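Please read the following alongside the sequence and the model.

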There are 2 protein chains.
Amino acid sequence: MSLRNVNEDLARERRNCTFDPTELTYLLDGGEEKTKERRDREKFFLSDPNLKDTVPAEYLSHKEKYENAVKKACYLFTKVKQMQGEGSAMEGYRQVLGGTLGSAILKDGNPFTLHYVMFIPTIMGQGNYEQQIHWIGRAWNLDMIGTYAQTELGHGTFVRGLETTAHYDPRTQEFIINSPTLTSYKWWPGGLGHTANYAVVVAQLHTQGKSHGIHPFIVQIRDEKSHKPMPGVKVGEIGTKLGMNATNNGYLGFDHVRIPRENMLMKNAQVLEDGTYVKSPRDKLAYGTMVFVRVVLIQDVASYLCKAVTIATRYSAVRRQSELKPGQPEPQIIEYKTQQFKLLPNIAACFAFKFSAAWLWDMYNNVAEELDEKNFEHLPELHAISCCLKAVCTADGTAGVETCRLACGGHGYMTCSNLPSTYGLITATCTYEGENTVMLLQTARYLMKAWEQVSRGEPLTPTVSYLKTAGVKTDEKWENTLGHVIKAFKQVAAGKIRTSAQNMDRRVRNGYSQEDAWNMTSIELAHCSEAHCRAFIVEKFVESVEALTVSPPLRAVLTQLCELYAVYWLLQKSGDFLQYSFITPEDIEGIQLWLEILLERLRPNAVGIVDGFDLCDEILSSALGAWDGQVYERLFEEALKSPLNSIPVNSSFHKYMKPFFKSSL
Amino acid sequence: MSLRNVNEDLARERRNCTFDPTELTYLLDGGEEKTKERRDREKFFLSDPNLKDTVPAEYLSHKEKYENAVKKACYLFTKVKQMQGEGSAMEGYRQVLGGTLGSAILKDGNPFTLHYVMFIPTIMGQGNYEQQIHWIGRAWNLDMIGTYAQTELGHGTFVRGLETTAHYDPRTQEFIINSPTLTSYKWWPGGLGHTANYAVVVAQLHTQGKSHGIHPFIVQIRDEKSHKPMPGVKVGEIGTKLGMNATNNGYLGFDHVRIPRENMLMKNAQVLEDGTYVKSPRDKLAYGTMVFVRVVLIQDVASYLCKAVTIATRYSAVRRQSELKPGQPEPQIIEYKTQQFKLLPNIAACFAFKFSAAWLWDMYNNVAEELDEKNFEHLPELHAISCCLKAVCTADGTAGVETCRLACGGHGYMTCSNLPSTYGLITATCTYEGENTVMLLQTARYLMKAWEQVSRGEPLTPTVSYLKTAGVKTDEKWENTLGHVIKAFKQVAAGKIRTSAQNMDRRVRNGYSQEDAWNMTSIELAHCSEAHCRAFIVEKFVESVEALTVSPPLRAVLTQLCELYAVYWLLQKSGDFLQYSFITPEDIEGIQLWLEILLERLRPNAVGIVDGFDLCDEILSSALGAWDGQVYERLFEEALKSPLNSIPVNSSFHKYMKPFFKSSL
């Protein structure tokens with residue numbers, strides 16, 4: 001396969017590229033050395049025949065998919081240990097579990113992921129010194145394999161509603177873990193079904209007759225030797241899903257299971273031997289972890305979208321269809337403006353997400369340092385911006401992957417395009433780690449408070465400081481510049497926030513309770529939050545590109561992408577801009593033309609940009625997106641891998657069809 | 001399961017409904033008698049244990065899924081024959097293959113569908129009298145099982161580009177069917193992989209040294225007895241897909257396969273014995289069939305969306321989460337305005353699609369009658385409106401199903417919600433029977449011609465007659481009435497069409513060719529087409545509701561749904577309305593309030609409306625959407641059906657995990 005010629009259309013695209021994609025690759029990796037490291041790591045794993053499937057996993061039964069995943073995961077982590085000898089330990093795990101390399105090795109999820117991503121980090125973050133000593137070594141050595149059990153059948157994002165109980169019994173110094181209802185069963189944790197033998201279980205703590213809210217407990221769920229469920233433990237998998245069918249998501253119920261007092265993770269709150277509850281002095285610490293997870297999530301979303309746009313862009317350069325001019329050869333479909341309109345704004349979004357994630361990562365690190373010094377000042381702002389970024393990036397990324405899939409026509413519907421599976425992974429991010437509408441409304445609370453601060457003349461935090469001035473209408477005339485774009489995005493956000501605040505006030509004045517008014521205004525509040533987020537993303541995109549040290553040709557491309565992202569969303573939401581910004585109906589046509597010119601300018605570099613993402617064929621895992629562009633050969637080769645094609649006549653012909661046809665005579 | 005109590009929240013919703021859902025059911029079916037017939041038919045099939053799966057198909061391997069589908073399909077058609085004794089033949093087939101009953105029996109597709117839906121109808125529509133005599137009887141008797149092979153690896157919607165050739169050889173009076181390239185391989189036909197032994201093959205006809213474009217040929221592809229591929233025929237399945245994995249989509253290549261001259265379907269064009277080509281006198285007839293298929297498609301889309309909104313609405317009445325007011329019980333999530341905003345516009349869309357499909361069906365029948373009298377006058381208009389309706393309904397329906405799935409949170413991601421599989425079915429409609437962007441641009445061509453007619457003062461066809469007056473700005477002040485809504489939608493469509501026409505003209509004046517100008521303007525042209533379609537849907541919705549004979553309570557609900565559909569889309573596209581209609585920025589807030597009031601009014605009837613769709617539990621096939629609302633019990637029962645859960649310890653523990661853990665010590 002690797003010796004194949006590159007499709008001539010694709011080769012020509014590469015020759016005509018106006019910048020050096022390698023420069024982009026180094027930029028995105030953080031330097032040439034980092035690129036080399038990453039490529040070496042990818043080669044180390046992806047060229048290993050033991051990590052390749054002879055029959056693609058999608059042809060297996062659900063049970064076989066799981067067994068195949070366990071087999072590969074065991075082999076994979078052995079290999080990580082080999083690599084560790086040579087370098088960074090945690091980085092290796094992070095990579096082989098993440099959205100780029102990880103989803104190339106185990107396309108449909110890895111049943112061990114939560115052991116490394118949640119079980120060990122939770123013990124490290126929430127266990128006290130003795131607990132870390134006791135558990136971490138065992139967990140690293142795989143004496144135990146853990147998962148993190150928080151979500152229940154009845155409750156997800158609203159964690160206060162969790163029903164699993166942990167009652168302390170001072171006589172035996174044990175907690176009694178119990179599932180009082182069907183809805184209290186744990187539901188979803190990855191690896192919980194048949195893989196993990198321990199779990200961090202989040203439960204409502206009761207001691208000395210009082211309830212103290214949710215706390216984490218380490219509970220053994222399977223015997224270490226026999227792997228059989230422990231007495232009083234009901235455990236199994238939850239069944240098939242839209243995607244991630246190898247993650248072995250499980251359910252877990254407890255019938256008064258007793259665990260030692262020491263199994264409550266006590267770095268923060270504690271229960272003493274006599275049952276005395278000692279409150280945590282730093283309640284807000286958990287927010288930090290949540291933000292960390294969201295940064296990773298946005299990076300993963302960017303990586304899924306990068307995959308999808310790489311596949312769809314290369315395919316669009318290779319696919320020739322229909323006619324633009326009578327008598328001429330069929331054009332590459334990337335020549336169609338409507339196709340460019342599907343691809344290029346999503347390519348731009350990849351960069352928007354990456355720059356926002358990078359900014360959020362920096363802010364997270366700053367705030368984390370402050371937290372160490374018991375300074376909680378910037379935590380609410382960090383939390384607010386991370387909530388709306390989570391919602392907007394996951395929703396846009398999901399829609400973007402789907403646009404890319406549909407832009408590949410029927411072939412995008414094939415599993416071997418890898419677009420359906422990428423969709424299965426990315427759409428899940430809209431729901432987990434905080435359902436998107438809930439996330440938007442959390443940011444909206446922060447924005448409403450900020451608006452009150454404006455009206456009281458109080459100082460504002462940096463991400464909302466624009467509220468002070470953006471609402472003021474000016475006589476300025478619109479021009480197609482990034483400066484004006486940023487201004488207009490802020491005017492829209494400020495205008496929508498003001499309107500929502502006014503509607504809230506009006507409803508409260510009319511006698512509705514604060515809560516009812518909030519609910520009645522919540523559609524607009526969610527839109528506020530989105531508008532605020534887009535203004536933020538656009539501004540960070542502009543600032544990030546300006547701050548880069550890059551060659552003029554690459555800068556030109558990045559600036560065009562930045563403009564395209566902004567102009568695309570401006571036109572998508574043109575009603576908001578006509579309502580709240582200094583843009584007039586007469587300006588819209590000129591902005592539409594700006595968009596069309598940007599598409600025209602970016603089009604020759606589309607393949608170069610996605611090449612710059614440097615996603616190797618094994619990561620793309622797509623008949624449509626491979627480097628060589630031999631789309632049709634690859635589609636055909638993939639079809640031949642179907643076990644149904646291994647014999648010319650399927651047994652069902654003799655077994656069912658023949659007797660049926662005879663009976664019809 | 002059927003004896004279960006109804007969830008109390010759901011029962012209360014039903015008690016509080018202000019209209020009689022049964023009246024709605026009768027209305028949608030076309031009368032009480034029709035409802036009874038449908039229910040009897042559904043019971044006849046869905047209560048049959050032989051058509052139920054003990055292990056849900058999603059747990060099987062791809063090969064097993066196919067074999068299971070063949071088994072069930074054979075049984076199913078035997079049953080259809082039984083039923084035929086009692087009534088309408090073709091109707092029975094249509095029902096067991098359609099989007100409601102059909103997708104309940106074989107959730108992931110039926111490998112025999114194309115035999116009944118395309119193979120037989122094509123012979124009936126395009127075969128001459130002798131050919132019908134020869135083939136139809138055999139096809140009905142299942143002496144042969146056929147499929148329809150048009151799309152190729154290299155060409156789909158653009159049928160002129162098909163590459164398969166049929167060269168006529170007058171010496172032997174045979175056609176030589178050949179696949180000259182890899183891209184000429186047939187790709188996608190349902191049932192082609194391992195099921196069909198005959199196919200209608202669409203190929204480029206060559207005779208007497210001339211090419212005559214594409215024509216249909218009956219080609220035997222497998223031996224009737226052994227089922228082995230015929231000499232020179234390469235056939236197999238194309239592999240797994242996002243959905244419909246039991247349809248056995250196949251590929252097909254020919255190495256100079258000879259078929260008798262009589263196997264060309266010759267109702268229209270003919271090839272005489274000596275190779276003389278006789279042109280069809282009625283080229284335009286094929287359009288009629290395309291429109292028929294689109295009507296069925298829109299009905300299917302409506303049915304998928306009805307399923308999704310039923311599931312999501314009932315779940316939203318049962319699911320309680322978070323808090324609206326401190327200290328109060330968790331509310332049903334349907335109480336949240338943001339949730340209503342996800343559900344109710346999609347419920348409204350179900351009706352919008354149904355009314356548009358009904359209108360299109362009437363127009364199709366009128367035009368079909370005219371065609372019989374060689375009157376082609378209304379064909380272009382029929383074609384134009386059917387293209388944009390196909391694109392808009394399939395795209396909106398797909399987005400709607402996904403919104404419903406996401407509105408069910410994590411549980412919507414479970415296969416047993418039936419939302420992922422419904423998505424797999426509905427999203428395919430965006431691509432097949434004409435890719436949506438291509439469809440929109442076909443309508444746009446008609447609209448550009450209509451605009452020229454306006455400027456020349458020529459008469460216009462009914463669906464575009466609004467172009468004459470809608471563009472004229474008036475001093476009228478906006479009011480929240482349906483009359484004003486229709487007016488504004490038409491102003492938007494007319495305004496966008498005018499702008500696009502002007503941009504086309506400008507580009508042509510600036511020296512671009514007509515074709516380049518078209519491509520450069522195509523993003524706006526596609527938007528024109530969408531705006532035109534929405535104006536049409538809104539107007540037909542209003543007219544249809546007005547024309548109904550229903551009780552006042554039901555009329556009130558239908559009118560609210562009609563208003564909601566219109567107002568929802570007005571706000572979604574508010575930029576267009578501010579740019580082109582008499583709506584001003586000051587009006588928008590009042591329209592937003594109108595939307596919120598409609599949500600408030602419709603909310604108590606949400607469950608009643610979806611109950612009125614009368615989709616039985618077997619059709620919904622959803623743990624979240626069942627009549628009794630016992631969501632959690634059903635989720636748990638479904639999980640227990642996973643073969644992985646049949647034994648407590650999976651073999652992979654001993655085989656892979658244990659050795660791996662040991663090696664880690």
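In this predicted model, helix α7 of chain B has these buried residues: B:T113, B:H115, B:Y116, B:M118, B:F119, B:I120, B:T122 and B:I123. Buried means under 20% relative accessible area, exposed means over 50%, and partly exposed lies in between, with a 1.4 Å probe and protein chains only. Helices (H or I, at least four residues) and strands (E, at least two) are DSSP runs, numbered from the N terminus. An α-helix has 3.6 residues a turn, so residues three or four places apart point the same way. The helix covers residues 113-126, and at 1.5 Å a residue its 14 residues should span 20 Å; the end C-alpha atoms are 19 Å apart, which agrees. The expected span is 1.5 Å times one less than the number of residues.

Some conventions apply throughout. Residues are numbered from 1 along each chain as its sequence is written, and chains are lettered from A and ligands numbered from 1 in the order in which they are written. Local features need pLDDT of at least 70, side-chain atom pairs count only at pLDDT 80 or more, totals for chains, interfaces and linings use all residues, and side-chain values use heavy atoms, with hydrogens and water left out.

How confident is the prediction for chain A? Its mean pLDDT is 95, and 97% of its residues reach 70 or more. pLDDT is the predictor's confidence in each residue, from 0 to 100. The model scores ipTM 0.97 and pTM 0.97.

Chain A is divided into domain 1 (145-280) and domain 2 (456-612), with bounds that come from an automatic or database domain assignment. The C-alpha centres of these two domains of chain A lie 44 Å apart.

The next topic is the aromatic rings. Rings of Phe, Tyr and Trp (its six-membered ring) pair if their centres lie within 6.5 Å; planes under 30 degrees apart count as stacked, over 60 as edge-to-face and the rest as tilted. A search of the whole structure finds 59 aromatic pairs over all chains. One of them joins A:F175 and A:F217, whose ring centres are 4.9 Å apart with planes at 65°, so the pair is edge-to-face. This pair links distant parts of the chain, as A:F175 is in strand β3 (residues 174-178) and A:F217 in strand β6 (residues 210-220) of chain A, 42 residues apart. Both A:F175 and A:F217 are buried.

A:F355 and A:F541 form a tilted pair, with 5.5 Å from centre to centre and 50° between the planes. Here too distant parts of the chain are linked: A:F355 belongs to helix α10 (residues 337-372) and A:F541 to helix α16 (residues 522-547) of chain A, 186 residues apart. A:F355 is buried at a relative accessible area of 14%, and A:F541 is buried at 1%. Ring pairs also link residues of chains A and B into a cluster, made up of A:F77, A:Y93, A:F112, A:Y116, A:W140, B:F660 and B:F661.

Charges over rings come next. A charge sits over a ring if NZ of Lys or CZ of Arg is within 6 Å of the ring centre and within 35 degrees of the ring normal. In chain B, the charged end of B:R14 sits over the ring of B:W627, 3.4 Å from its centre. B:R445 lies over the face of B:W518, at 4.0 Å from the ring centre.

How many disulfides are there over all chains? With a disulfide taken as a pair of cysteine sulfur atoms within 2.5 Å, the count comes to 0. B:C17 is in no disulfide, and the nearest cysteine sulfur, that of B:C306, is 16 Å away. B:C17 is buried, with a relative accessible area of 14%. For B:C528, the closest cysteine sulfur is in B:C388, 11 Å away and too far for a bond. B:C528 counts as buried at 0% relative accessibility.

Two loop residues of chain A call for a look at the backbone. A:N248 has a positive phi of about 55° although it is not a glycine. A:N248 lies in the loop between β7 (233-237) and β8 (250-254) of chain A, and is buried at a relative accessible area of 2%. A:S621, likewise a residue other than glycine, has a positive phi near 50°. A:S621 is found in the loop between α21 (617-620) and α22 (631-640) of chain A, and is partly exposed at 23%.
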